[in-house]
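Please look over the model below before reading on.

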Amino acid sequence: MGGAANAEEAIPPSINLEQAVSSTIDHNYGIRLEQIGTEAGEGALETASGEFDWNVVADASAFRERLPPLSPWAYGTGISDWNYSAGVQKKLRSGVEISPSVGTDVLKDPDVTSRRWISRGAVRFEMLVPLARGGGAASAAANELFARRDLDGRYALYRHQVANSVLETVSAYWECVGATQALQILTASEHEAAEMEAVVTRLARAELFSLAYVEQAQSNSREKQTRRVNAELEQYKARQTLGVSMGMDALALSAPPLPADTFPDLDEPHLPPPRDYGRVILFAQDNREDLSAALASKEALAYLSNAARRDLRPRVDLSLQLSYDGIDAGHRPQAFLFNENDGLRVMGGLSMEFPIEKRLYSGQLRQALAEEEQADVLRQQLSQSIASEVMIALQEVANTYAAYHVSLEAEKYYAEALRKERKRFLIGDSSFIDVISLQDGYRDAQLETISARQAHLIALATLRFASGTLVHGEKSSGTVGIGELTVVPHFE
């Protein structure tokens, strides 16, 4: 039973291109790593935004203090104090901090005969306003602004990784199709050579052929067998590459997939004329997600450099407090706000912090500016690379189709020449070596056609990747138009 189950599990799955791409998007480990990166970015943004959350604060304390023996009558008396406070705090994105609260102190009269309470309390609204450093969203919310723009860049990198992984899968799939078709041709060539060896051997034994032909036929048959064995290895490697790109787990790779599709028919590509190449480059730069990520990185770092520049200023804060206070001496600790001793109170103040040596902040500014400049240089370098990639991809599409068209003609001519040579051989006008030579030429022409067709299909997918049109999607999703993979994109 176990052996049967293992044999059944070892059967390689047959998949089409759409299934391969879908598996890549769902299971590719490179895509998953970038997806985790976006989740980390979402956490970083949530952390930075949490700086502006409402916070509830509360406090309760009590103590008892004995008074010194000022007189024989006061000896042994003391003060009992209970303190309660509660409120909320919030920092605004402008840098202003507000703290509404309510609190009370309840003291017991040290005169043990009075048994009175002295209650002091207030309802307060406190506000801290940064007047220089720390004020404004560019400074107070710099970390949040950085995290939000950085998250945009992470999403863009995720989509770019999806496109890159899909390109790898599409290329691997066409290579697998090409390797499979090449194996079929070489297998058929091996069978043909073996049959020819058997025929030549019989004819030589009948003394109708020279014995030298037997050795030539045997050599030809072994050479074809060697090429078929090598083709099997190449096909297996292509299947493994496809399985890895699809995100198959380790055990599933024991039976890598086989392609269910064959090469589609190819039409002449409609490429833009050279006068429109500039527009094509700009189109690609607008659509490439890795360039969007590089721009987002530069803009995110600009928030930090702006904040670091503001940190060079002295810190000046204005503090304001508006409160309603009261005090009561009696048996009701809560009565301090309901008697003739209550009233409004307003208080204001200024505080300043001025570092004598600014190495901490100047160093932070230099680092932030250098990182921003570095991100901008990388963006420009990437922009240059994208332009070159698009131009090369356009040339590859044109040249691979031309090679495919020529290889089809070469295959047709070889097929006709081989047909005629076989007729000549049957009537004795041609040698055995001539037939084998043309058979090899025809086989090589077939393989060249497969290689050219494969190269053209990969070039079309590469052009879509280079121009940013391979994958369509929003923040955390991606879709691929399978029908679009065999046509040139519209650069509009």
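**Notes on the model**

1. Helix α7 passes helix α9 in a right-handed crossing. Handedness is read as follows: left-handed if the near helix is turned anticlockwise from the far one by less than a right angle, right-handed if clockwise. α7 covers residues 277–287 and α9 covers residues 359–426. The two pack at an angle of about 125°, and their axes are 9 Å apart. α7 and α9 are therefore oblique to each other. The classes are: under 35 degrees roughly parallel, over 145 roughly antiparallel, 65 to 115 roughly perpendicular, and the rest oblique.

2. A word on the basis. This is a predicted model, in which local features need pLDDT of at least 70, side-chain atom pairs count only at pLDDT 80 or more, and totals for chains, interfaces and linings use all residues. Residues are numbered from 1 along each chain as its sequence is written, and side-chain values use heavy atoms, with hydrogens and water left out. Helices (H or I, at least four residues) and strands (E, at least two) are DSSP runs, numbered from the N terminus. Axes are lines fitted to C-alpha atoms, for helices over the stretch in contact, and angles run from 0 to 180 degrees between N-to-C directions.

3. How do α5 and α6 pack? Helix α5 spans residues 142–205, and helix α6 spans residues 211–246. Their axes lie 7 Å apart, at an angle of about 160°. That makes α5 roughly antiparallel to α6. The crossing of this pair is left-handed.

4. α6 also meets helix α10, residues 432–466. The axes come within 11 Å and cross at roughly 10°. α6 is thus roughly parallel to α10. Here the crossing is right-handed.

5. How many salt bridges does a search of the whole structure find? The count is 28. The criterion is a side-chain nitrogen of Lys or Arg within 4 Å of a carboxyl oxygen of Asp or Glu. One of them pairs E289 with R159, with the closest N and O atoms 3.1 Å apart. E289 sits in helix α8 (residues 289–310) and R159 in helix α5, so the bridge ties together parts 130 residues apart in sequence. E289 is partly exposed at 21% relative accessibility. R159 is buried at 17%. The cut-offs are under 20% relative accessible area for buried, over 50% for exposed, and in between for partly exposed (1.4 Å probe, protein chains only).

6. A further salt bridge joins the side chains of R422 and E192, at 2.7 Å from N to O. This pair links distant parts of the chain: R422 is in helix α9 and E192 in helix α5, 230 residues apart. R422 is partly exposed, at 33% relative accessibility. E192 is partly exposed too, with a relative accessible area of 31%.

7. D276 and R279 form a salt bridge as well, their closest N and O atoms being 3.3 Å apart. R279 has a relative accessible area of 41% and is partly exposed. Elsewhere, salt bridges with shared partners join E223, K224, R227, D440, R443 and D444 into one network.

8. Which residues form the nonpolar patch on the surface? They are V102, V123, F125, L322, Y324, L344 and V346, with about 650 Å² of accessible area together. Patch members have over 30% relative accessible area and no salt bridge; like charges are joined within 9 Å, nonpolar side chains (Val, Leu, Ile, Met, Phe, Trp, Tyr) within 5 Å. Areas come from the Shrake-Rupley method with a 1.4 Å probe; for residues, only the protein chains shown count as cover. Strands β5 (117–130), β7 (315–330) and β8 (343–353) each supply at least two residues of the patch. F125 belongs to β5. Its relative accessibility is 35%, so F125 counts as partly exposed.

9. M347 is found in strand β8 and is partly exposed at 46% relative accessibility.

10. Two longer-range contacts deserve a look. R159 and H472 are 313 residues apart along the chain, yet their C-alpha atoms are separated by 8.6 Å. E492 lies in the segment after α10 and is exposed, at 80% relative accessible area. E492 and F283 are 209 residues apart in sequence and 7.1 Å apart in space, C-alpha to C-alpha.
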